[in-house]
Amino acid sequence: MPAAVTPEREESGPSRAPSPEPLAPIDRTPKLFIGGKQVRPDQGYSRPIVGPEGRPVGEVGEGNRKDIRNAVEAAHAAAAWAQASGHLRGQILYYIAENLSARADEFAARIRAVTGRADARREVDATIARLFTYAAWADKYDGQVHHVPVRGVTLAMNEPIGVIGLACPNESPLLGFVSLVAPAIATGNTVIALPSEPHPLSATDFYSVLETSDVPAGVVNIVSGAKDPLAQVLAEHFDVDAVWYCGGHAGAAAVERASAGNMKRTWVLAHLRDWFDTRQGEGREFLREATQVKNIWIPYGE
Amino acid sequence: MKETALGVTEIFETMEYGPAPESDKPALDWLAGHDPAFGIYLGGRWVKGSDGKLFDVINPATTQRLARVVQAGAPDVDAAVRAAREALPGWAALPGHARARHLYALARGVQKHARLLAVLESMDNGKSIRETRDLDIPLVARHFYHHAGWAQLRDAEFPGHGPVGVVGQIIPWNFPLLMVAWKVAPALAAGNTVVLKPAEFTPLTALAFAEIAHQAGLPAGVLNVITGDGTTGKLLVDHPDVDKIAFTGSTEVGRIIRQATAGSGKRLSLELGGKSPFVVFEDADLDSVVEGVVDAIWFNQGQVCCAGSRLLVQEGVAQRLIAKLRARMEKLRVGPPLDKAVDMGAIVAPVQLERIRGLVNKGVEEGAKMWQPSWACPTEGYFYPPTLFTDVSPAATIAQVEIFGPVLVSMSFRTPTEAVELANNTPYGLAASVWTENINLALDIAPKIKAGVVWVNCTNLFDAASGFGGYRESGFGREGGREGMWEYLKADWESGLGARD
């Protein structure tokens, strides 16, 4: 089993009995996160995850079609999230940020270990800021009142799409993941997120942040594994209402083709984005993709 | 309809309608000016099709040929896309105010030729002159006025955004010119250039519109109009130099377009089929409801994607409402579309008539009870009477499949919860209408119905300021309003990024 990344644990405390060797770190087994529970993958296979020099850094569950099916069911069961007030959803997003912030060093160390990047702490800080952005938006992404030539009003409501499958970017494993999850749940959707395929450990670490942040079970489901095949399953699923896909051309084409089954909305983020850039990585574009406009005509008088 | 002249006293006695025909002469003269065949409009010029293939355009109310138009082939589609591509930099670079002047000129042009367009539309499609004159054409002008405004305001209201590029637009036959407006106005306002393909049953008003645009001085290549059937549409969808496809039509074709454009990087907006619920609670004003139902399902012979084709009535008033509806249906008038006093015109084409007949037969076979008025439709032309089904099971074919004809299926419910379940019990989600005098109930139900448009105590209202489009298998994207403008805009920073892979 690969070594855990937190260096503190590798040192013995002074009160401990002298030992000729430092103690082996305690193994951590990241699981899938479905319906608010940490679950083992249906098939019981794991996939090895390697760090920048090809050194093993952990193993994650190999999700399959059945795990996706369970996650979609859990996401539907959490549909009451759409009726939660923006105020409540905002509070929960702030709380996620708060709990991530308390573990910022740990998350930074993980990103450093799996990517070898020096700016890991910057990614964690940007992620916390991103969560604040969507906590802010949760009670502000208003609809409109249209002026139409009848005596009455037309209310243009921004409604959540429903259940969204998210194939998260491979780069920026924590920031990219949160950049898709946060706008989707801020607007009342429930999601099945496929984390970065080469660097999924930041996402699997993240479920324990979700668990301590009052996120209702099933609002965020995380299925690790081979991203393109899992994205294909999401795109084919008749109870999934939209798929956002960050990945290569072949995967994007497959998702778009499969989406024709129930004509779900797809959003292919075809370009390599700079997730740190707030213009590219957050804001109204994401909120628009997370919602659909319903116009309610209400004439009055005679 | 009786053709004999009646004395005034007799008219008072019988209350019969006399014929009130709108003249077709100006439209026939205009058509005669395009004999033996229309061209296609490319790069600001009218040209013949590359291989000389033509097809006939038929008046469905008379089965007479109105015109011959080009069946555009691959070289024509290529030329149209090339013209649009060449015109793009100049058009996109124009200041918003300059584009606004052009859109304003289009709105004015439509108004100046309003009657010609209304008559032509009625002859081409079979819909009544009352509808084309009072609804289609005024909404067309309204759409161009509204979007002249978005052209003017684009840079202020959508900073950091520009056009998507060359847009291929494929539109249906049920609202031929209105769909031209819904597609072309936002595209041009945002700075895109367009290749438009009208439906093969109804290309005439799109061609007339191209003439109006030409006269109004729209720069060459900004709007290109090609005619043809589905094969022409497919050429446009598959064309590698098109940046976006906007399509209105059936879910079946929408699905094919989604598959065909997969992985191409083309943006897509689809406005597809529907089976929209018309929900009547027991406290509704039933006389208003009856008129609402007429507008919901017999408007445009029911050939409306958002037609209120499923009548869901609360049990306590179901019998009373059905009785009132039958009485009203008995008084509906089906006849020559250019008669200003008919309620319903002709079905667009024999293939549609066959589809309606087939589905109605299926409904009867599956055990639903069919009712039609006692009077008969004209025998010349493609007409179908208003039809009402009762005792319909929610899983019946006629309760699930879009009929696209004047056929209403009715079901009853007991509780608001059951109403919502029935309302959402199709794969579609285009529109819905909710009837109750209780605002609390109306505003509780409206968000629960999965549909892009919900009309409270009204139906089939449209406006350029209010986005139209579906949920679920009714497609995605909106047309109209601020929400519709996003379909034709792209963030400037996107152009600077590298592709994945």
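**Figure 1. Polar contacts of Ser196(A).** The backbone nitrogen of His199(A) lies 3.1 Å from a polar atom of the Ser196(A) side chain. The side chain of Ser196(A) also reaches the backbone oxygen of Asn170(A), at 2.9 Å. A polar contact is a pair of N or O atoms within 3.5 Å; within protein, one must be able to donate a hydrogen and the other to accept it, and residues adjacent in sequence count only if both atoms are side-chain atoms. Ser196(A) is in the loop between β8 (190–194) and α6 (201–211) of chain A. With a relative accessible area of 1%, Ser196(A) is buried (buried means under 20%, exposed over 50%, partly exposed in between, with a 1.4 Å probe and protein chains only). The model is predicted: local features need pLDDT of at least 70 and side-chain atom pairs count only at pLDDT 80 or more, while totals for chains, interfaces and linings use all residues. Residues are numbered from 1 along each chain as its sequence is written, chains are lettered from A and ligands numbered from 1 in the order in which they are written, and side-chain values use heavy atoms, with hydrogens and water left out.

Figure 2. Five of the five residues of β9(B) (residues 244–248) are buried. Helices (H or I, at least four residues) and strands (E, at least two) are DSSP runs, numbered from the N terminus. Lys244(B), Ala246(B) and Thr248(B) point one way, and Ile245(B) and Phe247(B) the other. In a regular strand the side chains alternate between the two faces of the sheet. β9(B) runs parallel to β6(B) (residues 166–170), joined by four bridges, and parallel to β10(B) (residues 267–271), joined by five bridges; two strands pair if DSSP finds at least two bridges between them. Val167(B) stands opposite Lys244(B), and Ile245(B) stands opposite Leu268(B).

**Figure 3. Salt bridges of Asp119(A).** A salt bridge is a side-chain nitrogen of Lys or Arg within 4 Å of a carboxyl oxygen of Asp or Glu. Asp119(A) forms one with Arg117(A) at 2.8 Å, N to O, and another with Arg122(A), where the closest N and O atoms are 3.4 Å apart. Asp119(A) is partly exposed at a relative accessible area of 25%, as are Arg117(A) at 24% and Arg122(A) at 47%.

**Figure 4. The salt bridge of Asp155(B) and Arg154(B).** The two side chains meet at 3.0 Å, N to O. Asp155(B) is partly exposed, at 44% relative accessibility, whereas Arg154(B) is buried, at 7%.
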